[in-house]
Amino acid sequence: MIFHKQAISPIFQKQALEWVLIQSDSPSAMLEPEFDIDDDKRRYAKKIRNIFHVDPLFWQTWCDDSGLIQIVSQYLNRPRLLRHAAFIKRHADESFIPLHQDIALWEKSFHTAWTFWVALTPAFKENGGMFYHPNTEVVYPHEFDLNYPMFKCIDLEKNKISQEELKDASLNAGDILVWPAKTPHGSYMNTSGQLRVGMPIVFVEETEYQKIM
């Protein structure tokens, strides 16, 4: 994990946060929203996808003017946007995300992929912040866990990973957390009730994208 502290200025944090919250309150089908299991009345999305493609003019301008693309260019020669989503944790719910690796869950394995997780609010352990494992060399087996049925994850016991090996990644609003696709990571449940919003934006090398897609 690589930390870029205060990489996004408050004005661009506010622009992105307002867009995400408005869209997640009444999400369109194009955003492929996910909802909390117990949220049958309010229907606030906890995850929205395809953000850039829904509003490309806004987000292209935002990526350029906020300085995000300058940071992306430090990691990739010819960056190609692959995924742009947002995770919204509003309250204590089932939003614990177990340890997993992006490359193991994608339909296609992009080995040049880097994720740029933009914190639009503070993200600490208490409000659902991130944690990770420092080993980025191995792709671990992933399997379903009945405690977290939404997607496959890494079984800590089977893979001999102790809780002590996991590192917290505390972020302030405007920080960007960067990691390659093999980085095992997850996020805590929001137990504080304080809003936590982050945007994972994934870029790959244009050459690999053209080869695989």
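Visitor: Which residue just after H3 takes a positive phi?

Guide: Gly-67 does, with a phi of about 95°. Helices here are DSSP runs of H or I with at least four residues, strands are runs of E with at least two, and both are numbered from the N terminus.

Visitor: What is the origin of the coordinates, and which atoms are counted?

Guide: This is a predicted model, in which local features need pLDDT of at least 70 and side-chain atom pairs count only at pLDDT 80 or more, while totals for chains, interfaces and linings use all residues. Residues are numbered from 1 along each chain as its sequence is written, and side-chain values use heavy atoms, with hydrogens and water left out.

Visitor: Why is Trp-59 called buried?

Guide: Buried means under 20% relative accessible area, exposed means over 50%, and partly exposed lies in between (1.4 Å probe, protein chains only). Trp-59 has 0% relative accessibility and therefore counts as buried. Trp-62, with a relative accessible area of 1%, is therefore buried as well.

Visitor: What makes the rings of Trp-59 and Trp-62 an edge-to-face pair?

Guide: The structure holds 10 aromatic pairs. In this one the ring centres are 5.4 Å apart and the planes stand at 65°, so the pair is edge-to-face. The rule is that rings of Phe, Tyr and Trp (its six-membered ring) pair if their centres lie within 6.5 Å; planes under 30 degrees apart count as stacked, over 60 as edge-to-face and the rest as tilted. Both residues belong to helix H3 (residues 56-66), three residues apart and thus separated by about one helical turn. Ring pairs also link Trp-19, Phe-58, Trp-59 and Trp-62 into a cluster.

Visitor: How do you know that the buried residues of H3 lie on the same side?

Guide: Trp-59, Trp-62, Cys-63 and Ser-66 are the buried residues in H3. They cover an arc of only 95° around the axis, which puts them on the same side of the helix; the arc is that of the directions from the helix axis to the C-beta atoms. An α-helix has 3.6 residues a turn, so residues three or four places apart point the same way.

Visitor: Against which elements do the buried residues of H3 pack?

Guide: Their partners are helix H1 (10-25), helix H2 (51-54), H4, E4, E7 and strand E14 (196-205). Packing rests on contact, which means heavy atoms within 4.5 Å.

Visitor: What is the span of H1, and what is expected of it?

Guide: H1 has 16 residues and reaches 22 Å from its first C-alpha to its last, close to the 22 Å expected at 1.5 Å a residue. The expected span is 1.5 Å times one less than the number of residues.

Visitor: Which residues of H1 are buried, and which are exposed?

Guide: Phe-12, Gln-13, Ala-16, Leu-17, Trp-19, Val-20 and Ser-24 are buried. Their arc of only 160° around the axis puts them on the same side of H1. Pro-10, Ile-11, Lys-14 and Ile-22 are exposed on the other side.

Visitor: What makes E2 and E3 paired strands?

Guide: Two strands pair if DSSP finds at least two bridges between them. Strand E2 (residues 34-35) and E3 have two bridges, in the antiparallel sense. The bridge partner of Phe-35 in E3 is Ala-45. E3 and E5 likewise pair in the antiparallel sense over two bridges, and Ile-48 has Ala-86 in E5 as its bridge partner.

Visitor: Is Asp-175 buried or exposed, and where is it found?

Guide: Asp-175 is found in the loop between strand E11 (167-169) and strand E12 (176-180). Its relative accessible area is 1%, and Asp-175 is therefore buried.

Visitor: What makes the side chains of Asp-175 and Lys-5 a polar contact?

Guide: A polar contact is a pair of N or O atoms within 3.5 Å; within protein, one must be able to donate a hydrogen and the other to accept it, and residues adjacent in sequence count only if both atoms are side-chain atoms. The side chains of Asp-175 and Lys-5 meet this at 3.4 Å. The C-alpha atoms of these two residues are separated by 4.6 Å, although they are 170 residues apart along the chain.

Visitor: With which side chain does that of Thr-115 make a polar contact?

Guide: The partner is the side chain of Asp-102, at 3.4 Å. Thr-115 lies in strand E7 (residues 114-119) and, with a relative accessible area of 2%, is therefore buried.
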